[in-house]
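The following paragraphs lead a new reader through selected features of one structure. Please consult the sequence and the coordinates as displayed here.

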Amino acid sequence: DNARQPRAVVIKPKVLVMSASRAAADTLFARFLGPRFSHLDIGTLHLAGGLEVASPAAQFAREAGVTELPSLVAWPDGLDSSQPAILSVGSSSGTEQREELLQSLQKLAVPSMPELTAANYFERCQPAADRPAGALCVLLLVPALATWSESTTHAYGTMRRLAIQGAVDGVQFAWLDSARHTGFADGLRSRDPAFRGEAAPADQPMVVALRAASARTGLRKVQAAQMFSGVGQLSEVQLSEWVADLRAETARAWGAARELPPLGGPVPPRVTTWLWAWMARGGWLIVGLVLGAVAVLIVYSEAIIKWAEKLRAQQPAGGGGRKPAPRGSEQPKQPHVEPPAHKRREQPGHAAGRYAARDADSEPAPASSSGGDSGADGHTSNGLPPGVVALTEHTIAEVLGGSANVLLFAVNAGKVDRASMDGLMRHFGARGRDGSDALRGWTLAVLDVSAALRVERKSPLLRSVLGRMLTSPCAVVRHARKLSTYSGVATPGRVEEWLDRLTMGELAWENLAAES
């Protein structure tokens, strides 16, 4: 872009750092000005002996209006400036004072006809409260060529002189680089349908006036008026008369309101700029929803895990429940037929059946059998899940003493609901039937706490086991002499973790022999 700007035509603002010290040009502040204000020509002037000596440098400073050193003297339009702007550096080197000085320099060192950019578009073309009602901006559209033509150079000089003189009140002048702002320039070059004639070619300069369509819309919608006379022979009088005609109430040169594309910046927008634009256009709502979902998962993670484990515990063993049969295809229930007595003795669960027969006259709890036929709800005909035997007053010694390890479940104790305990028993019953290494050789038994409490004459072993099962959903009894209770959440996953720790020797055992 710098190669396209003719240095002999577009004159940068001049700034001199005047100081009585020769080292002023090598201070951190002076070296900082160059990179900060790349659009300015910055130099230094050493005034040996100060302002009072009779030297050309001191005389030049006094004529410019400098009264104290060090100072910054700015000529916004170079040597054509009517009066330089003077900024006193001051003796304070604080950050706040230096920042105010830089902001003042940024405001004062602005040429009368700068290049129009996204940074100064609203300042140059938006009507301010202190400007006349007919305020507008006049732009010179510079063609997208490698060098400026004579017509472009002549039009730029004419408009710049008129801007420096301030002869047209309420009018701001600027020039537009059509190569950098192609879409914006094409929008201004397009002819309004109400006007006749041919538009100027894209390789020729054009003078365009621009104003806001209304105070309500601002510069989102603008009106443009194009000058069709020869720009190459433009004079200050012609330009002043054309602007005066546009500001007249009866002017018909203004086209209809139009929307222009945004001006391009000096560099492509960064990723953070696109991100902030997306956030401003509604992206904050998506980010808020995502963060809210993450917060809910963090706060209620434990409750969600428990809920998922409860659902998994309620699933029938073997993974997933049965698919519901289509309507109208229900199979009639087959009546249950008890096998003969000699057949019942040969079944794997004949011991549990024998225990149930012995207890039928003493306890209201139904007898259990580990080998009965399973119904549609995953229970045997005696009401217990497959593979689980009932533990009663009469069977406790035989069941606990017949196996090295007994996984004992407690139901009707008022701590865990029956549905959760049934799901737990079904889960471990299925593992026992599948030949799991962890439960190989184990016996699964269930103790009805409510029924056991109603037994008048309890054996010492039943009293010892019952006292520990009142607050535990399950326990492990080893050789009818030791017991370890589980007091956590009654879910398969948690109980399996507890069994792993127990078998690894991480948990303690209680002695039952002393109470038996």
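Predicted model: local features only at pLDDT ≥ 70, side-chain atom pairs only at ≥ 80, totals over all residues.

A disulfide is understood here as a pair of cysteine sulfur atoms within 2.5 Å. The bond connects Cys-125 with Cys-137, at an S to S distance of 2.3 Å. The link is right-handed, with 95° about the S-S bond. Because Cys-125 belongs to helix H4 (residues 121-125) and Cys-137 to strand E5 (residues 136-142), the pair ties together parts that are 12 residues apart in sequence. Both Cys-125 and Cys-137 are buried.

Cys-474 has a relative accessibility of 0%, and buried means under 20%, so Cys-474 counts as buried.

Attention now turns to helix H16. This helix comprises the 12 residues 492-503.

Which residues of H16 are buried? They are Pro-492, Gly-493, Val-495, Trp-498, Leu-499 and Leu-502. The elements covering these buried residues include two helices, H9 (301-314) and H13 (418-433). The cover also includes strands E10 (405-411), E12 (474-478) and E13 (482-486). After H16 comes Gly-505, which has a positive phi, near 80°.

Conventions: Residues numbered from 1 in each chain as written. Heavy atoms only, no water. Helix = DSSP H or I, 4+ residues; strand = E, 2+ residues; numbered from the N terminus. Expected span 1.5 Å × (residues − 1). Buried < 20%, exposed > 50% of the residue type's maximum accessible area, 1.4 Å probe, protein only. Contact = heavy atoms within 4.5 Å.
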